[in-house]
Amino acid sequence: MANTDESNPLLPNQQPELKDAEKTKIPLSSATAGTTPVLPFPVKPAVPMGWTADGVPVVEPMIMRSRDQWDSGLCACFGRTDDFCSSDIEVCLLGSVAPCVLYGSNAERLGSTPGTFVNHCLPYTGLYLIGQSFFGSNCVAPCFTYPSRTAIRRKFNLEGNCEALNRSCGCCGSFVEDEMQREQCESVCDFATHFFCHPCALCQEGRELRRRLPHPGFNAQQVLVMIPPNEQTMGR
């Protein structure tokens, strides 16, 4: 015989005791439909995440991103034969005759800010004159210009000299595996490239920037100038 108290509609709804297997189930209401149900209490795993059973932390292997190669080599003075062939010849002439102009143009294009040409060209000119006067060569300016090569590598995710050597002959593998050691090695290689092959380094950076970034001075909006028509006179 059924219990009358349980079937009385005046009493609050009483639900029978749930089994142990049904206690963990959470019904979805109409307001929370489509969402992931959350357990009423957090379930802690027997072994914490990231740790082994012996209490040794698990270190996930670092995934090395593949880096792009430079568009042209360091000694490719005339670049390559494409739409930028004439621009590559101009870069080669500037790097040979007026490296201060080429460095200022590269810095202005890399910073994407028009008007910064003078801020980079004038200091380079002063360092160039100091090096030529006291040492007879342009050995002071590379100490000022090599960070631009590092900035280009980081901006476009380009490989450095250590990675190029590791890819070609397999050396410098220990430096490439560690991110911090690789960046330190690449910075030293950037300085060595500018110090020993300064004109070639400037030309390579100039070719790379001209193919990847437009000149900031060419991005200005065109201004439409209205010219009034000339005065018209009635003919006889």
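Tutor: We shall take the fold, the disulfide, the salt bridges, the aromatic groups and a surface patch in turn. Please keep in mind that this is a predicted model.

Student: How many helices and strands are there in the chain?

Tutor: The chain has nine helices and zero strands. Of the 236 residues in the chain, 27% are buried.

Student: Which cysteines form a disulfide?

Tutor: A disulfide is a covalent bond between the sulfur atoms of two cysteines. The structure holds one disulfide. C162 and C185 form it, with their sulfur atoms 2.2 Å apart. This pair links distant parts of the chain, with C162 in helix α6 (residues 161-168) and C185 in helix α8, 23 residues apart. The link of C162 and C185 is left-handed, with -45° about the S-S bond.

Student: Is C162 buried or exposed?

Tutor: C162 counts as buried because its relative accessibility is 1%. C185 likewise counts as buried, at 17%. C77, by contrast, is in no disulfide, and the nearest cysteine sulfur, that of C92, is 5.0 Å away. With a relative accessible area of 33%, C77 is partly exposed. C139 is also in no disulfide; the nearest cysteine sulfur, that of C143, is 7.6 Å away.

Student: What does a search of the whole structure find in the way of salt bridges?

Tutor: Side chains of opposite charge can pair when their charged atoms come close. The search of the whole structure finds 16 salt bridges. One of them joins D82 to R211, the closest N and O atoms being 2.9 Å apart. That pair links distant parts of the chain: D82 is in the loop between α1 (4-7) and α2, R211 is in helix α9 (residues 198-212), and they are 129 residues apart. D82 is partly exposed, with a relative accessible area of 28%, whereas R211 is buried, at 16%.

Student: Which residue forms a salt bridge with R153?

Tutor: E183 does, with the closest N and O atoms 3.3 Å apart. R153 lies in helix α5 (residues 142-156) and E183 in helix α8, so the pair ties together parts that are 30 residues apart in sequence. Both residues, R153 and E183, are buried. A further salt bridge is made by the side chains of R182 and E163, at 3.1 Å from N to O. Here R182 is in helix α8 and E163 in helix α6, 19 residues apart. R182 and E163 are buried. Salt bridges that share partners also join R149, R153, R154, E183, D190 and E205 into one network.

Student: Where does the charged end of R149 sit?

Tutor: It sits over the ring of W70, 4.6 Å from the ring centre.

Student: How many aromatic pairs does a search of the whole structure find?

Tutor: It finds five aromatic pairs. Among them is the stacked pair of F191 and F195, at 5.8 Å centre to centre and 25° between the planes. F191 and F195 are separated by about one helical turn because they are four residues apart in helix α8 (residues 179-196). One aromatic cluster is formed by Y146, F191, F195 and F196.

Student: Which residues make the nonpolar surface patch?

Tutor: F78, I89 and L93 make this patch of about 310 Å². I89 is placed in helix α2 (residues 85-97), and I89 counts as partly exposed at 36% relative accessibility.

Note on methods. Residues numbered from 1 in each chain as written. Predicted model: local features only at pLDDT ≥ 70, side-chain atom pairs only at ≥ 80, totals over all residues. Heavy atoms only, no water. Patch = residues over 30% accessible without salt bridge, like charges linked within 9 Å, V, L, I, M, F, W, Y side chains within 5 Å. Areas by Shrake-Rupley, 256 points an atom, 1.4 Å probe, with all protein chains shown as cover. Salt bridge = Lys/Arg side-chain N within 4 Å of Asp/Glu carboxyl O. Helix = DSSP H or I, 4+ residues; strand = E, 2+ residues; numbered from the N terminus. Buried < 20%, exposed > 50% of the residue type's maximum accessible area, 1.4 Å probe, protein only. Phe/Tyr/Trp six-rings, centres within 6.5 Å; stacked < 30°, edge-to-face > 60°. Lys NZ or Arg CZ within 6 Å of the ring centre and 35° of its normal. Disulfide = S-S within 2.5 Å.
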